[in-house]
Amino acid sequence: MVTMNSDKAQAKRKPEPSNEVCAGSSTDNTMGGPHQLLASDDSPNHLLYKKMEKIVEKMQDETIGVPVRTVKSFISKIPSVFTGSDLIMWMLKNLDIEDQTEALHMAHLMAAHGYIFPIDDHILTLKNDNTFYRFQTPYFWPSNCWEPENTDYAVYLCKRTMQNKTRLELADYEAENLARLQKMFSRKWEFIFMQAEAQSKVDKKRDKLERKVLDSQERAFWDVHRPMPGCVNTTEIDIKKACRMNKTLRHNKNLQIGTSHTMSNIWNTTVFSCHPS
């Protein structure tokens, strides 16, 4: 079992960015923007998310966390990154983990749920080498119970085609998804295109390095919710957990209804006894 050393200071969660950061997540009801399918406490994976997020928050601590830096390449800068080997070394030092294999398994689990992601790959995994990774913003954490719809995905993919950047080019499976969505939403595609265009204009006004980070975080969000073929979708709810959860919700609802009827009967009895005919 993975636990954190008690002698280390507890990390504080960084403030969540505004809705403007969620460039691919429309909140317009017409577009069917992302909504919360369940309250976070009702999610079957709620405890798992909280355990992972506690560790991720510690990883992001400015004093004792994983060293995050801006790397200078030949013609550009790569902001806010760390290597896979840096992360594994930090986990071995700060968590009660027995060996490197266990650390890699834990890191892969976090990457599969989108808390950590490679900056140049759609496959959410982690390698113990010099590959660069970033932390996902808390706004996109799975504990927020995002349930993005296909219209949001269509806006995101459409926006990617408007930006003349090599790093934003659509992968083959994304291009196929875009063509499928365009056919599916042919009647409202003009509105989808206009919304994507508006979001693209907002993105262009941001600082260049900030835009790089936000673009990669948004891409990682969709890699979790619309993974490439062959990758596991960690947002799918296990059928047994879902059945147990629904059974509990129905039981609680019946208890509330029963309590309501009981209180109603008590009230009626009291009223009639106080006002005899």
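Visitor: At what angle do helix α2 and helix α3 pack, and how far apart are their axes?

Guide: In this predicted model, α2 (residues 84-94) and α3 (residues 100-112) pack at about 115°, with axes 10 Å apart. Helices here are DSSP runs of H or I, at least four residues, numbered from the N terminus; axes are lines fitted to C-alpha atoms over the stretch in contact, and angles run from 0 to 180 degrees between N-to-C directions.

Visitor: What makes the contact between α2 and α3?

Guide: L87, I88, M91 and L92 of α2 meet Q100, A103, L104, M106 and A107 of α3, contact meaning heavy atoms within 4.5 Å. These residues divide into eight nonpolar, one polar and no charged. Ala, Val, Leu, Ile, Met, Phe, Trp, Tyr, Cys and Pro count as nonpolar, Asp, Glu, Lys and Arg as charged, and the others as polar.

Visitor: Which residues line the largest cavity?

Guide: Among them are H113, Y115, W141, F221 and H225. A cavity is a set of points on a 1 Å grid where a 1.4 Å probe fits but cannot get out, and lining residues have an atom within 4 Å of a point. The lining has seven nonpolar, five polar and no charged residues.

Visitor: Why does the largest cavity lie between domain 1 and domain 2?

Guide: Because domain 1 (46-144) and domain 2 (150-232), with bounds from an automatic or database assignment, both give residues to its lining.

Guide: Residues are numbered from 1 along each chain. Local features need pLDDT of at least 70, side-chain atom pairs 80 or more, while totals for chains, interfaces and linings use all residues, and side-chain values use heavy atoms without hydrogens or water.

Key: On a 1 Å grid over the protein atoms alone, a cavity is a set of points where a 1.4 Å probe fits but cannot get out, and a pocket is an open set with protein on both sides within 12 Å along at least five of seven lines; lining residues have an atom within 4 Å of a point. Helices (H or I, at least four residues) and strands (E, at least two) are DSSP runs, numbered from the N terminus.
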